Amino acid sequence: AIGADGGAGNSNADYFSVNVNAGDELAIEIFAPFDGPSEPVNLLIPIVELYDPTGTLVSTTVGVGPLAHTATATGKYSIRVSAEEGTSGEYFLTVDGHTGAAVAFAVAATSPADGAGLLEAPSQYTVDFNAPFLVSTLDAADLTVNGSPATGFTVVDGDTVVFDLPAGLGDGIHNVAIAAGAVESISGTTLDAFAATFVVDS
């Protein structure tokens, strides 16, 4: 099972992935906290969409509650959670019934890109993970450049963070790294080790 929590609004969506074997009975359920009497207002009306390994939409539901689907193919199924127009709020998502191996939590893209050639040293480094991360497990020092830790970070969205790089990066090859296990996804999977480079030639 995976568990997740997050917020959804009009302009974004959250994505989750599970490895599934054909015949798995997937049970997806979304809950909206704070929607009972005497609780804070949660206006979210969630939309949950399930896509098979080919990217085909195979099931969808609107509003809190369960979504059931029997997998007809083996591979990675994707779950997209968005909000009905004009609504936003918090939710919890659970997925049960999948028997495939856990999906790795990894860095999907960076800016500067791996191997990029730059005319001046960057002051920031953007990391896009392949799944939402737990902010509580993130620290500026998780990212290093030539062994020196980043000096700060800003969370852009549920799976993107901008690190502030240490000053004094001169010409040459610079090695960027995040150690294995340094960050955890909201489904409880720890990060695979990450390494990249960029080159400054001013």
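Predicted model: local features only at pLDDT ≥ 70, side-chain atom pairs only at ≥ 80, totals over all residues.
Q: Where does V135 lie?
A: V135 is in the loop between β11 and β12. Strands such as these are DSSP runs (E, at least two residues), as helices are (H or I, at least four), numbered from the N terminus.

Q: How many Å separate the C-alpha atoms of V135 and E184?
A: The separation is 8.5 Å. Along the chain, V135 and E184 are 49 residues apart.

Q: New topic: rings. How many aromatic pairs does the structure hold?
A: There are 4. Rings of Phe, Tyr and Trp (its six-membered ring) pair if their centres lie within 6.5 Å; planes under 30 degrees apart are stacked, over 60 edge-to-face, and the rest tilted.

Q: What is the geometry of Y125 and F198?
A: Y125 and F198 make a tilted pair.

Q: Which strands hold Y125 and F198?
A: Y125 sits in β11 (residues 124-129), and F198 sits in β17 (residues 194-200). The pair therefore ties together parts that are 73 residues apart in sequence.

Q: Buried or exposed, those two?
A: Y125 and F198 are both buried.

Q: And what about F153 and F163?
A: F153 and F163 have ring centres 6.4 Å apart. Their planes are at 50°, so this pair is tilted. F153 belongs to β14 (residues 152-157) and F163 to β15 (residues 160-164), so the pair ties together parts that are 10 residues apart in sequence.

Q: How accessible is F153?
A: F153 has 30% relative accessibility, so it counts as partly exposed.

Q: And F163?
A: F163 is buried, with a relative accessible area of 1%.

Q: Let's look at β15. How many of its residues are buried?
A: In β15, 4 of the 5 residues are buried. That is why β15 is largely enclosed by the rest of the structure.

Q: How does β11 pair with β15?
A: β11 and β15 pair in the antiparallel sense, over 5 bridges. Two strands count as paired if DSSP finds at least two bridges between them. In this pairing, Y125 stands opposite F163 in β15.

Q: How do β14 and β15 run?
A: β14 and β15 run antiparallel, joined by 5 bridges. F153 stands opposite F163 in β15.

Q: What holds paired strands together in general?
A: Strands of a sheet pair through backbone hydrogen bonds, either parallel or antiparallel.

Q: There's an open sheet too. What is its strand order?
A: The order is β2-β7-β4-β5. This open sheet has 4 strands, with antiparallel pairing.

Q: Which strands stand at the edges?
A: β2 and β5 (57-62) do. Each has a single partner strand, so one side of each is left without a neighbour in the sheet.

Q: How do β4 and β5 pair?
A: Strand β4 (residues 46-51) pairs with β5 in the antiparallel sense, over 5 bridges. Y51 stands opposite L57 in β5.

Q: Switching to the backbone. What kind of peptide bond joins S111 and P112?
A: It is a cis peptide bond, with omega about 5°. P112 has its place in the loop between β9 (107-111) and β10 (116-118).

Q: And what is phi of N146?
A: Phi of N146 is near 55°. That is a positive value in a residue other than glycine.

Q: Where is N146 found?
A: N146 is in the loop between β12 (143-145) and β13 (148-149). With 40% relative accessibility, N146 counts as partly exposed.

Methods. Residues numbered from 1 in each chain as written. Heavy atoms only, no water. Buried < 20%, exposed > 50% of the residue type's maximum accessible area, 1.4 Å probe, protein only.
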